[in-house]
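Here's a quick briefing on how one chain is put together. Have a look at the model first, then read on.

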Amino acid sequence: MTARTVHIGCGAGFAGDRWDAAIPVVATLARRSGPRYLMYETLAERTLALAQQAKIENPAAGFSPYLERILRPVLKTAKAAGIRVISNFGAANPLGGARKILEMAREEGVAGLKVAVVDGDDLTAVMTEADIRGHATVEGIGMPEGKLVAANVYLGARPIADALALGADIVVVGRCADPALALGPLLHEFGWSLDDLDRVAAGTMAGHLLECGAQVTGGYFADPGYKEVPDFGHVGFPIAEIDADGTVVIGKADDTGGLVSHRTVKEQLLYEMHDPSAYLTPDVTLDVTGVRVEEIGRDRVRLTGARGKPKPPTLKATVSFEGGWLGEGEITYAGPNARRRAELAIEVLRTRVRDLGTNWPLRFDMIGTVATFDGDGGELRASRPWPDDGEYRVRMATQGGDRRMAQWIADEVLSLYCSGPAGGAGVRHRTAPLITTASILVDRDRVRAGARLLEE
Amino acid sequence: MTSPDRTIRVPLHEVAHGRTGDKGNRVNISVIPYQEEAWPLLLAQLTPERVKAWFAAKGAGTVTRYDLPNLPAMNFVIDDVLQGGVNGALNLDGHGKSLAFHLLSIPVEVPARLALHPEKAIA
């Protein structure tokens, strides 16, 4: 008998998300019946490149460094309650991640855990660097210079459903489309065909709403005096209920803060969406322009009307390259005449960097004015006056290929302590390696995704 | 006291909420009115040309507005606004995550009853 309603909770919306978010989600799912799943989304564009670099240094590493901290607290409860886990926390090394999970299961006394690995996203296994570089880029960033670090294609939901059909309790994926983490279980439970476009679209919409964790339950939404969120420090993570007909209800974990309202859902529905009639995923082109959003109870919002169009002919891949070094430094000026002292600091930094004989690009910010909204040229700040007295933090940033020069430029901020304007305080300065990424489109027949069960 | 029907000029933040998302060197910003009545007024005032000019310091390229009368909401896609994207940009907010609040500071003219805090009217 096929299921009528599938429950899918989310335990992380990005790599650095709350370590304990999944605990109330799993506790809530454990009290429910029917097919229940927990997904974690932990893989932003650059995260995988960092994982690839970690794997080069240590072949056993390269899965999410957060895997243990987010999974261990719920591993035993989830297995006991039959809640299956799906995540892209495999990053650059799904097999290594799966081995780590089995090790944790032994430590926690969890017997008979079945862990599956989905692979096939790593393009460097099937394409040369020249081949990868030969692809045109999309989304407005050209093919970067530098050494190739990683190239991973966004897999769809099918291999995840295949892993579940093998009986996996936990499915470890590398790069996949975020909504596929939810669509995979729905294909498996409902037996939906990928040609059933409207249902696949509904499942993709559910995954899209879940994939950023608390962003649909009041996180990244709260705006005091405008959009209040109760018990915000304990914001609960979402649980979606999806019916076989494609109806989606968004709720959240019991005994948590946060809220689910038509407003929280609409903000997340349009998050990272460009043309709302054509949201491209590996499995379907999602059209949300006809979606109806209704509050049907406390912290319960129903969505209907997602429409599907045929999937795009190609798959998107993220390609990452070593991008040189960032150098940056910050210093604060506060109190009487702070603005003019901060402006003098910027003038001194310009002089000092010019004297280093470099033409590296420089950006100066005066935090406390309009630094966040301003362009690199500071046009917005220059367009209006700022008070002389107050608190301003000067920031200088640069980037280039040579780590030593990045450090020397950043060091000029530090030297303002003794040699700069009066009262400079609170210097932070650093260099950091940069990863540059771009997106390319890859023919589907170049990609072979597969699922396999790891035997203990 | 301001009559509820009197037209006032307020930051968009008084009338609508929204969120930024990024992909590559472009962002999308949703604009969702608190009250449906504000929807046609915002459609008339938040033209792509005006939004492009509002983001000129960031080097905004093409601005496309998608309308979702069902919600109701609109979705702006702003090209080339991240000055290299999260990886290449020198600014603090490489993702452009704050930019929704830059758009929410654009002035709009609405009846006072549609503003959450009509006392925040600007000249």
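**Domains, strands and a helix pair**

Chain A is split by its domain assignment into domain 1 (5-120 + 155-312) and domain 2 (322-438), with bounds that come from an automatic or database domain assignment. Taken over C-alpha atoms, the centres of domain 1 of chain A and domain 2 of chain A are separated by 40 Å.

This is a predicted model, where local features need pLDDT of at least 70 and side-chain atom pairs count only at pLDDT 80 or more, while totals for chains, interfaces and linings use all residues. Residues are numbered from 1 along each chain as its sequence is written, and chains are lettered from A and ligands numbered from 1 in the order in which they are written.

**Strand pairing**

- Strands here are DSSP runs (E, at least two residues), as helices are (H or I, at least four), numbered from the N terminus; two strands pair if DSSP finds at least two bridges between them.
- Strand E15 (residues 314-335) of chain A runs antiparallel to E18(A), joined by 16 bridges, and A:Ala317 sits opposite A:Ile440 in E18(A).
- Strand E5 (residues 137-138) of chain A is also antiparallel to strand E18 (residues 425-443) of chain A, with two bridges; A:Val138 has A:Ser439 as its bridge partner in E18(A).

**Helix packing**

- Helix H1 (residues 22-30) of chain A packs against helix H3 (residues 67-81) of chain A at about 5 degrees, axes 9 Å apart.
- That angle makes H1(A) roughly parallel to H3(A) (angles under 35 degrees count as such).

Terms used: Axes are lines fitted to C-alpha atoms, for helices over the stretch in contact, and angles run from 0 to 180 degrees between N-to-C directions. Angles under 35 degrees count as roughly parallel, over 145 as roughly antiparallel, 65 to 115 as roughly perpendicular and the rest as oblique.
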